[in-house]
Amino acid sequence: MPKATLLVVQGADQGLRFELDGGAVTLGRGALNPICLRDDEVSRTHAQIRFDESAGGFVIGDRQSSNGTFVNGEAIQTRKLSNGDQIAVGTTAFLFQEAAVARPIRAADQLEVFVGDDVRERSSIISELSQEVGQQLLRDATSIIKASSTTQTLANLQVLYRITEAAVTPTLSLDQLLHRILELTIEVVGADRGCVLVNDPRTSQLTPQAFSHRRGFSPGSPMPVSRSIVDYVRKKGQGVRTSDAPHDQRFSQQSIMQAGIREAMCVPMQGRYELMGVLYLDITTPSDQVPRLGPEGHRFTEETLHLLAAIGRQTALAVENHRFQDAFLKAERLAAVGQTIAILSHHIKNILQGVRGGSYLIDMGLKQHDEDLIGRGWKIVEKNQDRIYHLVMDMLSYSAERKPALQVANVNDVVRDVCELMEPHAAECQVELTCQLSDQVPESAIDPEGIHRAVLNIVTNAIEAVEGATGGRVTVETSYDLPSDELVVLVRDNGPGIPAAQQAMLFNIFESTKGSRGTGLGLAVSQKVIREHGGDIFVESREGEGATFRLVLARLDEAAARAYAP
Amino acid sequence: MVGNSPSILVVDGLSETTDVLKAVFEPRGHAVNRVRQSQLSNSTLTPPRVVVWHTNESETTPLTGRFQGIPRIFIGRADCPASDGETRRFSQPFEYRELLGTIESLLAKADAA
């Protein structure tokens, strides 16, 4: 089944990525949508995306939303999606990305690079062009417009615009991008086929990276590419055009003759710092079958060479940007992995230290036949077992693997369990833990295990915030807000409060204000779980006046839960 | 607020360290107390005989001025003060046997002084 992803590029969920596996997937504000958005401008079930065999791709359909569904700025009812399309719903924007599919035919298999005679063949190049001229086309479109027919110039500018657009679309893989550029170029210059040879930074060799041909053209045998032309372009940094290939010594080789090449162009792809490769186009169609011949009776004219030089420059910058982007992503990934390992190692080290303390006391107790000492040691070991358990469960909860298992239950039961579980710990910390459950709270489709973890993390934090303080109090309350049909869990403490500067970072992963005791996972997990239920967590706190965490969940009925069940 | 005068004061860190020290030293007549660094400035604490100070990557360099002249053990960060006559340094994970031995020797030194 084809795969694609939706990347949220704008809105409250920016940065989230949703995988599409071809099955029907709904998106909306409702918690039961596989793509659940925190966006009040989005309808409960706003749109649906699925793979449509007959359309040959993913199709998005609006589900009678209040504010409409837009693809690339245009309101749609249904629309086949293309790679790089931007989908807008409410204040949220997605980027649609099709998974890069390995092309059935590699570019290298479609090309035949051959070495021809070297010295005298320049005579057949009827035109050369410095790369600066191509850049001038980009800078000074007005002068070009004056010098050429308006229709063709507009087409040229349009293709440059489209190439620029494709180049800055972050969704395309390098292969996809080069293929797209070739398609656009072939279309505008009227070539039969073309290829991109990219400089391999490791070997400094030009290797085929993309091949394409115009619609309706049957490529047949591999496209012959003259090594001597390529080397010339590479060495001189100049674009070349030949419009008499059959009499060009460069094309005297059998393969070229058999291929029937009539015209060819090759331009350098000059990047900011180095040559990134070459762009190569040819025509094999006999001139009497070629529409729109230029004044010299050739399809490839001086103007098309200018245009190709500009496209070569654009393509080079795109290749360069892709490489920068790849390097940047790799560096970011490595940094993130390194940071995660460092933080987890720190927590595991703390747990190990605790276990060592407990083991030491047990060992001492065994040697001294002191059961009290053994008991105290065992208590420490058990405490650290719990810490490992919670660390692992938080990591699992935070990972993308875990999906909420909805079932009809009462939030009160979950909150009661948490309070009963935490009661001994609160007593140990000399904290008064109070549980006030409203009997107005209705049943709802929730993931009890997830909600348990979310509430537990927040109650644990609240107890630790007031631990050791005189008169430390933590209150856990539930309520039901009828007008909004929402369930609310309040966790309130009378601790030192949370400074405003820290509040903004509270839910960031691995962000902890608890020093060695905190993993920085708890609140991030709680937020993730509550958001999976279509809700959110709100914090109210002022320094010296305690803190209140308000967990808000949309109530879901039994039918909704059944519909959501896998 | 910490009002009594402990033999050993544990600042910050895991409560397990305090639990182990209490289990070992309290039967020998040494009081062990634990306090947060943030509460130190408000405490009416009289100087202990040994300070065990947990440092953390996210915290600033420990306030050592208050316990000038008192034997100190720093646990945790690598850039905390180096071991010298009155200061010892441990990095996690450490062996409790070594920590307890060090505290015993520092207590003995303090008794002798």
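Chain A of this predicted model has an open sheet of six strands, running β2-β1-β11-β10-β7-β8 with antiparallel pairing. From one strand to the next, the twist averages 30°. Elsewhere, helix α8 of chain A meets helix α1 of chain B, and there's a bit to say about chain B itself.

**The sheet in chain A**
- The edges belong to β2 (17-20) and β8 (74-76) of chain A; each has a single partner strand, so one side of each is left without a neighbour in the sheet.
- Further in, β1 (residues 4-10) and β11 (residues 92-98) of chain A pair up antiparallel over six bridges.
- Within that pairing, A:Leu7 sits opposite A:Leu95 of β11(A).

**Where α8(A) meets α1(B)**
- Helix α8 (residues 371-398) of chain A and helix α1 (residues 15-25) of chain B have axes that come within 11 Å and cross at roughly 175°.
- Angles over 145 degrees count as roughly antiparallel, so that's how α8(A) lies relative to α1(B).
- On the chain A side, the residues involved are A:Leu373, A:Arg376 and A:Ile380, and they meet B:Glu16, B:Asp19 and B:Ala23 in α1(B).

**Chain B at a glance**
- Chain B carries three helices and five strands, laid out from the N terminus as β-α-β-α-β-β-β-α.
- It has 113 residues, and 40% of them count as buried.
- Take the contacts in chain B between residues at least 6 apart in sequence: 47% of these join residues at least 24 apart.

Terms used
Residues are numbered from 1 along each chain as its sequence is written. Chains are lettered from A and ligands numbered from 1 in the order in which they are written. This is a predicted model: local features need pLDDT of at least 70, side-chain atom pairs count only at pLDDT 80 or more; totals for chains, interfaces and linings use all residues. Axes are lines fitted to C-alpha atoms, for helices over the stretch in contact, and angles run from 0 to 180 degrees between N-to-C directions. Helices (H or I, at least four residues) and strands (E, at least two) are DSSP runs, numbered from the N terminus. Angles under 35 degrees count as roughly parallel, over 145 as roughly antiparallel, 65 to 115 as roughly perpendicular and the rest as oblique. Two residues are in contact if their C-beta atoms, placed from the backbone, lie within 7 Å. Two strands pair if DSSP finds at least two bridges between them. A residue is buried if 20 or more other C-beta atoms lie within 10 Å of its own, exposed if 12 or fewer, and partly exposed in between; C-beta atoms are placed from the backbone.
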